[in-house]
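Work through each task with the structure open, then read the solution.

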Amino acid sequence: MDELKNELQESVVPAIEIKDVVKIYKLYDKPRDRVKEALGLGRKQAHKLHYALNGVSLNIHRGETVGIIGTNGSGKSTILKIITGVLNPTSGQVKVNGRISALLELGAGFNMEYNGIENVYLNGTMMGFSDREIKEKLPEILEFADIGPYVNQPVKTYSSGMFVRLAFAVAINIDPEILIVDEALSVGDVFFQAKCYHKFDEFKKMGKTIVFVSHDLSAISKYCDRVFLLDRGTLLGEGTPKEMIDTYKRVLVGQYELADKQEHAAFLEDEAFQQAAKNGKSGTSVGVNPDALEYGTGQAEIVEYYLTDDRGVRTTAVIKGSVYTLHMKVKFSAHVPAPIFAFTIKNAMGTEITGTNSMIEKAYLESGEPGQMKEITFTQKMSLQGGEYLLSLGVTGYNMDTFEVYHRLYDALNITVVSDKDTVGYYDMDSEVKVTDVILK
């Protein structure tokens with residue numbers, strides 16, 4: 001009876017409890033200001049306070065796979081370091097109920113002079129495991145890392161890929177109750193990433209708790225049961241992956257309305273935010289490539305371009321299977337007969353995946369005249385696999401028999417496709433599968 005009672009209590013107690021956590025850093029304009037303030041030489045306060053976390057409270061339940069998303073500088077890595085004890089909060093409470101294995105930074109805790117096996121023991125000991133436990137798990141660790149004879153070489157000779165394979169193998173194979181991962185898979189190859197995610201599935205089936213920070217929204221969508229969204233040290237919300245990814249997309253383009261203006265006064269008063277708002281770029285430039293290749297005669301110019309999702313919200317992240325629209329505004333400075341408006345989408349390796357133009361689509365327009373502005377929209381269903389893509393745009397046409405390029409922008413915009421189901425190849429055929437019984441005679 002007592003054992004059953006203890007099991008019920010353990011299932012109710014969260015794996016991680018965080019209450020009103022604040023983390024403040026002092027920022028100095030110059031290194032000497034820090035010294036002067038420490039010595040009490042200056043009359044004025046030489047530092048500014050930066051809230052890396054500002055009153056964050058969250059609970060993570062046992063057996064959950066939880067994602068934490070947000071822009072750079074939102075406090076994601078800070079909160080993981082506080083959970084693992086690498087950092088202490090300025091105020092607030094953190095309770096961890098279970099043995100943690102964490103992969104926060106590439107090679108953290110490794111001695112560069114030791115070989116791979118020695119670092120396995122060193123890293124495992126730092127996590128609180130005994131030599132006997134590490135020895136029992138060593139064959140699994142080495143098999144998972146799959147770095148061959150390099151395991152007997154000093155880790156300072158390793159490539160970044162070998163480094164993360166060994167570090168992750170240690171973290172994930174020493175039977176932790178809670179696994180914490182911070183962007184550690186970005187340097188592994190696709191086969192290693194697949195192996196890691198397969199291990200995640202095994203962990204979930206075993207009832208382990210996983211806390212996962214990543215900019216890979218497709219991975220967040222596919223593997224997480226619940227997602228927390230941070231922005232500038234503040235917890236904006238929690239919910240299903242779809243709900244939080246939708247909200248994150250609004251944050252990226254500056255269209256998230258803060259629920260409590262007083263609570264987030266520091267956010268609104270931030271000089272960088274105000275300056276961006278004055279420039280009309282409080283998020284609309286997210287994903288735009290400032291070094292995009294452009295050329296043309298200049299008789300027509302693409303002056304604005306962006307994507308909107310199925311709700312009409314500007315975004316650079318599109319959920320696979322949803323309808324989205326590409327908007328392009330073109331200004332004419334000369335007479336342009338029958339302009340052709342086009343776009344292409346390439347993958348990160350530069351392979352053109354798809355594209356179309358107004359002539360192919362038989363959307364013929366009248367000529368463009370000096371001083372005119374035209375908005376062109378392409379609306380379609382997103383069928384590409386989850387991943388990162390590059391958008392190129394163009395305005396061309398024929399002047400008599402001569403083909404003219406009025407304006408082209410190559411790799412102008414980054415598009416993130418968010419998917420929880422990726423099939424083989426570049427795009428999803430959206431197949432409907434049926435399995436029926438066949439009666440054998």
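**Exercise 1.** Characterise the salt bridge between Glu64 and Arg226.

Step 1. The side chains of Glu64 and Arg226 form a salt bridge at 2.8 Å, N to O; the term requires a side-chain nitrogen of Lys or Arg within 4 Å of a carboxyl oxygen of Asp or Glu.
Step 2. Glu64 lies in the loop between β2 (47–60) and β3 (65–69), and Arg226 in strand β8 (residues 226–231), so the pair links distant parts of the chain, 162 residues apart. Strands (E, at least two residues) and helices (H or I, at least four) are DSSP runs, numbered from the N terminus.
Step 3. Both Glu64 and Arg226 are buried, meaning under 20% relative accessible area, where exposed is over 50% and partly exposed in between (1.4 Å probe, protein chains only).

The model is predicted: local features need pLDDT of at least 70, side-chain atom pairs count only at pLDDT 80 or more, and totals for chains, interfaces and linings use all residues. Residues are numbered from 1 along each chain as its sequence is written, and side-chain values use heavy atoms, with hydrogens and water left out.

**Exercise 2.** Locate the partners Glu133 and Arg99 and classify their accessibility.

Step 1. Their side chains meet in a salt bridge of 3.5 Å, N to O.
Step 2. Glu133 belongs to helix α5 (residues 131–145), while Arg99 sits in the loop between β4 (91–96) and β5 (100–103), 34 residues apart.
Step 3. Glu133 is partly exposed because its relative accessible area is 24%; Arg99 is partly exposed because its value is 29%.
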